[in-house]
Amino acid sequence: IRRVVVVGASLAGVRATESLRAEGFDGDIVLVGAERHLPYDRPPLSKQYLTGDWSADRLPLRPRSHYDDLGVDLRLGTAAAGADLQAGRLDLADGGEVAFDGLVVATGATARTLPVEALAGVTVLRTLDDAADLRRSLLRRDGGRLVIIGGGFIGLEVAAAARSLGVHVTVVEAADRLLARVADRRAGETMQALHREHGVEFRLGVGVSGVRGSGRVESVHLTDGSTLVADAVVVGIGATPAVEWLAGSGLRLDDGVVCDSGCFAAPRVVAAGDVARWYDTRSGRLIRHEHWTNATEQARRAAANLLNGPDGALPYVPVPYVWSDQYGLRFQTAGELSDSAERRWEGNPASPRFVTRHLTDGRLTGVVGMGMNREFIARRRQLVAEHETIGA
Ligand code: FAD
């Protein structure tokens with residue numbers, strides 16, 4: 001391989017370029033990204049940046065000089081529109097082309113939206129531009145009313161940030177509990193209690209039937225017939241892998257770019273980060289993760305495998321890890337969590353300071369923690385060690 005093109009200039013894409021160089025690759029690297037900003041970190045967008053504690057200049061993953069030092073041809077504000085894998089050609093939206101003999105797909109995901117008319121004051125939170133808009137409207141509206149649609153990590157982090165700015169917050173969630181996709185019921189309940197203490201109101205188990213206003217949002221209408229007055233609305237209902245540009249490429253696209261256990265989607269094509277749905281040798285299933293640590297670890301593995309080729313590829317078998325910061329407390333999960341696992345608590349499970357071990361057939365399979373950082377880290381280490389012992 002002499003020339004690698006990495007599509008998607010965010011966490012996974014940047015880590016992939018760094019890993020290619022760390023593995024000794026000295027050919028050309030072109031990093032193509034649709035956004036015009038220097039590649040930046042997303043977690044602070046719903047935390048320190050949103051509260052105004054951080055300015056945008058703290059967000060870049062690396063300074064511009066880093067890409068020059070690595071000899072990476074960084075092309076920002078440049079969207080890929082298609083790829084011809086036989087010819088080794090990436091087509092750009094501006095009509096240009098880039099030749100490659102290795103391709104890294106790292107286009108991440110885009111925020112899901114509601115099928116409602118576009119109104120000022122209604123936003124998703126995925127990009128720096130989204131966060132800048134939301135921050136402007138939150139900082140302007142001390143005492144204003146924010147409705148958050150979706151009780152997942154993003155929605156709850158926005159809730160915590162908005163409360164710290166004195167904004168009135170209501171979270172609407174269609175499921176009957178918070179964090180339904182990422183944590184067990186108990187953790188969701190504890191999180192809800194914490195938010196209630198900080199003045200967040202909840203409407204669980206109810207959907208949204210409409211968002212209305214004239215030009216600017218004024219109200220959110222719920223499926224039980226009730227109405228919430230809103231000066232601003234954040235839609236945090238998940239994300240969809242950004243694969244449209246690969247339609248017709250011959251790659252298998254099914255809730256992401258489908259890859260083998262070594263992150264190969266085709267012989268000279270690997271994928272990493274939120275966009276990649278790979279074969280997990282441990283569970284025997286295709287899985288996709290939308291978390292920071294996964295984007296970093298998978299990009300490293302995918303880049304190394306790309307250089308070694310499919311026959312020399314090592315499988316990517318992570319122990320998933322996720323964190324979220326709310327009200328100065330760190331919520332963390334590692335491994336697999338399920339409501340059916342046997343659970344052992346340390347700390348008080350009803351308080352926002354606890355660590356819970358999930359056991360399946362007596363084996364440690366997951367850890368959930370809030371506060372109690374030291375204990376969580378010890379349990380996570382134990383989980384990783386067990387994982388390595390069983391050679392998964
Ligand atoms: P992305 O970061 O989505 O980047 C993909 C990039 O590809 C984008 O810049 C996009 O513009 C570009 N792109 C898309 N299509 C094209 C195209 N056709 N051509 C060129 N470029 C294209 N995770 C945690 O574990 N903890 C947290 O606390 C946490 N907080 C978060 C807070 C927010 C607000 C968000 C949005 C995410 C958060 N995450 C968190 C998740 C984490 O940020 C993501 O998992 C991570 O960003 C994934 O990196 P990625 O490079 O795969 O994809």
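Reader: How much of the protein chain counts as buried, and by what criterion?

Author: Of the 392 residues of the protein chain, 43% count as buried. A residue is buried if 20 or more other C-beta atoms lie within 10 Å of its own, exposed if 12 or fewer, and partly exposed in between, with C-beta atoms placed from the backbone. This is a predicted model, in which local features need pLDDT of at least 70 and side-chain atom pairs count only at pLDDT 80 or more, while totals for chains, interfaces and linings use all residues. Residues are numbered from 1 along each chain as its sequence is written.

Reader: How many helices and strands are there in the protein chain, and how compact is it?

Author: Helices (H or I, at least four residues) and strands (E, at least two) are DSSP runs, numbered from the N terminus. The protein chain has seven helices and 27 strands. Its radius of gyration, taken over C-alpha atoms, is 22 Å, close to the 21 Å from the globule rule (2.2 Å times the number of residues to the power 0.38), so the chain is as compact as a globular protein of that length. The C-alpha trace spans about 60 × 55 × 35 Å along its principal axes.

Reader: Which domains does the assignment give, and which residue classes does domain 2 bring to its contact with domain 3?

Author: Domain bounds come from an automatic or database domain assignment, which here gives domain 1 (3-110 + 240-312), domain 2 (113-237) and domain 3 (328-389). The centres of domain 2 and domain 3, taken over C-alpha atoms, are 28 Å apart. Two residues are in contact if their C-beta atoms, placed from the backbone, lie within 7 Å; nine residues from domain 2 and 10 residues from domain 3 take part. The touching side of domain 2 has five nonpolar, one polar and three charged residues. Ala, Val, Leu, Ile, Met, Phe, Trp, Tyr, Cys and Pro count as nonpolar, Asp, Glu, Lys and Arg as charged, and the others, Gly among them, as polar.

Reader: Against which elements do the buried residues of α5 pack?

Author: A helix can be read by its span, where the expected value is 1.5 Å times one less than its number of residues. Helix α5 (residues 185-197) has 13 residues and reaches 19 Å from first to last C-alpha, close to the 18 Å expected. Its buried residues are A187, G188, T190, M191, Q192 and H195, and they pack against α4, β12 (201-204), β24 (329-335) and β27 (363-370). Just after α5, G199 takes a positive phi of about 90 degrees.

Reader: What are the corresponding partners of α3?

Author: The buried residues of α3 are L128, A131, L134, S137 and L138. They pack against β9 (122-123), α4 (153-164) and β16 (232-235).

Reader: How many residues surround the ligand, and where do they come from?

Author: A residue is near a molecule if its C-beta atom, placed from the backbone, lies within 6 Å of it. Here 37 residues surround the ligand, the closest being G8, S10, R42, G108 and G273. The shell comprises 21 nonpolar, 11 polar and five charged residues. Domain 1 and domain 2 each supply at least three residues of the shell, while α1 (11-22), α6 (292-308) and β23 (321-326) each supply at least two.

Reader: Why does L286 count as partly exposed?

Author: L286, in strand β22 (residues 285-287), counts as partly exposed because it has 17 C-beta neighbours inside 10 Å. Not counting residues up to four places away in sequence, L286 touches V258, R277, W278 and Y279.
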